[in-house]
Amino acid sequence: MDRSLHATQPDMIAVSTPTTDRTMARPSTESATKTTERSAVVLALFGPSVGPCVGDFSTTYNRVNGRLYAATRAILFYSNLFGFERRLCLHFSDIESIESYRSTSIRIAMVDCEDHIFRKFTNRDNVLRILKE
């Protein structure tokens with residue numbers, strides 16, 4: 001079997017094998033672009049006080065679909081459905097615990113005894129690991 005690897009563009013890798021021909025982006029370029037875009041969205045929605053964004057995830061909060069953003073200083077939720085915006089900012093200084101809840105949910109317990117439950121994660125364990133870092 002002859003496998004060859006050759007570059008077609010500086011930011012692309014072409015992989016050719018006898019059974020497949022595909023072009024894929026380099027991981028470092030793709031992840032750097034996504035991180036910059038996420039941080040710009042978080043900055044525009046929540047301001048600079050929450051820090052840069054390290055991850056974003058699709059979720060449901062109180063039966064409203066939206067995005068959960070993990071920033072360096074806070075956990076953020078944003079939804080905009082039919083012009084109705086919902087924003088939630090949970091600063092890490094106010095969070096008592098972050099734990100898995102039922103099969104696909106995450107519960108965030110606050111210092112003031114309020115619980116926030118985020119549901120319907122595709123990969124809850126990965127989200128939980130990022131939020132606890």
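**Salt bridges and their surroundings**

Tutor: The structure holds five salt bridges, a salt bridge being a side-chain nitrogen of Lys or Arg within 4 Å of a carboxyl oxygen of Asp or Glu. The model is predicted: local features need pLDDT of at least 70 and side-chain atom pairs count only at pLDDT 80 or more, while totals for chains, interfaces and linings use all residues. Residues are numbered from 1 along each chain as its sequence is written, and side-chain values use heavy atoms, with hydrogens and water left out.

One of these salt bridges joins the side chains of Arg67 and Asp56, at 2.6 Å from N to O. This pair links distant parts of the chain, since Arg67 lies in strand 5 and Asp56 in strand 4, 11 residues apart. Here, helices (H or I, at least four residues) and strands (E, at least two) are DSSP runs, numbered from the N terminus. Arg67 has a relative accessibility of 30% and therefore counts as partly exposed; buried means under 20% relative accessible area, exposed over 50%, and partly exposed in between (1.4 Å probe, protein chains only).

Leu68 has Phe77 as its bridge partner in strand 6, and a hairpin through two residues joins strand 5 to strand 6.

A nonpolar core is a set of buried Ala, Val, Leu, Ile, Met, Phe, Trp, Tyr and Cys residues joined through side-chain atoms within 4.5 Å. The largest such core has 19 residues, of which Ile75, Leu90, Ile98, Ile106, Ile108, Phe118 and Leu131 touch the most other members. Two or more residues each come from strand 4 (53–61), strand 5 (64–71), strand 6 (74–81), strand 7 (84–91), strand 8 (95–101), strand 9 (105–110) and helix 2 (124–132). Helix 2 gives the largest share, four residues. Another core, of 10 residues, lies apart from this one and has Val42, Phe46, Leu76 and Tyr78 among its members.

Ser105 is found in strand 9 and counts as buried because its relative accessible area is 4%.

Arg124 returns us to the salt bridges, for its side chain meets that of Asp125 in one of them, at 3.8 Å from N to O. Which of these two partners is buried, and which is exposed? Arg124 is buried, because its relative accessible area is 15%, whereas Asp125, at 51% relative accessibility, counts as exposed. A further salt bridge joins Glu133 to Arg129, the closest N and O atoms being 3.1 Å apart. Glu133 counts as exposed at 68% relative accessibility, while Arg129 counts as partly exposed at 44%.

To place these details in the whole, the chain has two helices and 10 strands, which follow the pattern β-β-β-α-β-β-β-β-β-β-β-α along the sequence. Of its 133 residues, 36% count as buried. The chain exposes about 8,700 Å², with carbon and sulfur atoms supplying 52% of it; accessible areas come from the Shrake-Rupley method with a 1.4 Å probe, and for residues only the protein chains shown count as cover.

Key
Pairing = 2+ DSSP bridges.
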